[in-house]
Protein chains: 4
Amino acid sequence: MFITLDYASDIPLYQQLRDAIVLGLARGELKPGDDLPSVRQLAADLGINMHTVNRAYEMLKQDGLLALLRGRGARLTTPDPAGLPVFARRLGTTLAPLAAEARCRAMGEADFLDLCTQQFRMVKGS
Amino acid sequence: MFITLDYASDIPLYQQLRDAIVLGLARGELKPGDDLPSVRQLAADLGINMHTVNRAYEMLKQDGLLALLRGRGARLTTPDPAGLPVFARRLGTTLAPLAAEARCRAMGEADFLDLCTQQFRMVKGS
Amino acid sequence: MFITLDYASDIPLYQQLRDAIVLGLARGELKPGDDLPSVRQLAADLGINMHTVNRAYEMLKQDGLLALLRGRGARLTTPDPAGLPVFARRLGTTLAPLAAEARCRAMGEADFLDLCTQQFRMVKGS
Amino acid sequence: MFITLDYASDIPLYQQLRDAIVLGLARGELKPGDDLPSVRQLAADLGINMHTVNRAYEMLKQDGLLALLRGRGARLTTPDPAGLPVFARRLGTTLAPLAAEARCRAMGEADFLDLCTQQFRMVKGS
DNA sequence: GTGGTCTAGACCACA
DNA sequence: GTGGTCTAGACCACG
């Protein structure tokens, strides 16, 4: 489970970190039930501030993917299916402008879905 | 071609504006060759800062969707197919974390693609 | 009398434990005069720290619901009516911000009291 | 609209601040549509840190009571009725242990509801 | 000037 | 030792 942060990216560090952990989960490198390093430990490992890690953990907790246990660290949890509609909505609002642009560029539905499929599979691929 | 901006959204106004114009193009409400209002004009119409409109126009120009005419407004252009791979890459980096989260949440490829299809079709739908 | 602790909750374990014992009393599963296990015993049973159990017992003693017997465990006591105003005050300070939020959300007094009634009855219900 | 913070309280400052704003809304001293002072301004006024105010604002945003507008300050919003069930659940979990304790103390349903009513009315009272 | 992000360092409650 | 809270000060994106 390697995490590399891009300081030059316009994506906040905490978001990059959050996404990296989600990716680890998706690939099976991390599993629900696993303990994540403590906030301070991971911050030290990554060379970033405690609060930045904490914010990433808070996001994951909000998304129902992580449980923060006071005095005992953080543990990955099995995502609650109740969070699915929320996720679907989030995906929708993110995807909408891209779908529109695809149509501007005369991209057909098949080509658009090809790209989507590709991304879905690439999670476990590269 | 109505544009409504959500000031409470965490999406920057200039991006919302840019997306709205792209949406207009996708739906056929706007067409390549059409003139867009001048920066000052549109800013006044929407009640926002000139700088914000300018930034949206710059993005569209960067994406090859708009030509800026000195002092005479802006004209929508037919998107250059050469921009397609750039767009595909952008879609990929945006979609990747969402695809990962979908897998975390035990969403199958079919369900994921359903959501994508839905968004693609909704561009011309509602 | 089963006690289940939620390690992921933001409510401290000692408080959960304290609340669980109070709930047992309210339901009649525990009665004044009953002996509670010793601190060590209960800690071992629940798989938690002795200190945590001790703190829960101290709270109950403070509330006048428990008498600590040196070395011989603890015994539930009939609550002193003198503790009622203290409890009423505690309920008030806890409820005040929620009542305020209820009004913000345009909830009427009847609806608010419905929720309160529901909670009161649910103690003996589920 | 006066806000007094209790540094000795075990309730976090940001929560006290959040509750104070909710109370202001409930009493009608603040109304949806009103602008709140900027994060920095309010922090300076109260003599606390910017981040503490920010956290209170974030909570209110999460609860659908406040909109944070980048570069333009914060504005109170009309609460979304969709947030009501969430609130009801929150009220329930908070009230449950208190209802249990009330029964321990041999308090009847009528007396319990009296206290609840009192709190609800006191919002607009004192 | 506003909120958003990041860093740094401190103290406390919890287990 | 852990997470939770608070402070302080900095830089950036946005409008």
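In this predicted model, helix 2 of chain A gives the largest share of the surface near DNA strand F, namely three residues. In total, 26 residues surround DNA strand F, and the closest are A:S38, A:G71, D:L13, D:N49 and D:G71. Several elements each supply at least two residues of this surface: helix 2 (39-46) and strand 3 (73-76) of chain A, helix 1 and helix 3 (50-62) of chain B, and helix 1 and helix 3 (50-62) of chain D. By class, the surface near DNA strand F consists of 10 nonpolar, 12 polar and four charged residues.

The contact between chain A and chain B involves 33 residues from chain A and 34 residues from chain B. On the side of chain B that touches chain A, two or more residues come from each of helix 1 (13-27), helix 4 (84-104) and helix 5 (109-125). Helix 4 of chain B provides the largest share of that side, with 16 residues. The side of chain B that touches chain A has 24 nonpolar, five polar and five charged residues.

Helix 4 (residues 84-104) of chain C packs with helix 1 (residues 13-27) of chain D, their axes lying 8 Å apart at an angle of about 45°. The two helices, helix 4 of chain C and helix 1 of chain D, are therefore oblique to each other. The crossing of helix 4 of chain C with helix 1 of chain D is left-handed.

Methods
Residues numbered from 1 in each chain as written. Chains lettered and ligands numbered in written order. Predicted model: local features only at pLDDT ≥ 70, side-chain atom pairs only at ≥ 80, totals over all residues. Contact = placed C-beta atoms within 7 Å. Helix = DSSP H or I, 4+ residues; strand = E, 2+ residues; numbered from the N terminus. Nonpolar A, V, L, I, M, F, W, Y, C, P; charged D, E, K, R; others polar. Axes fitted to C-alpha atoms, helices over the stretch in contact; angles between N-to-C directions. Parallel < 35°, antiparallel > 145°, perpendicular 65-115°, else oblique. Left-handed = near helix turned anticlockwise from the far one by under 90°. Near = placed C-beta within 6 Å.
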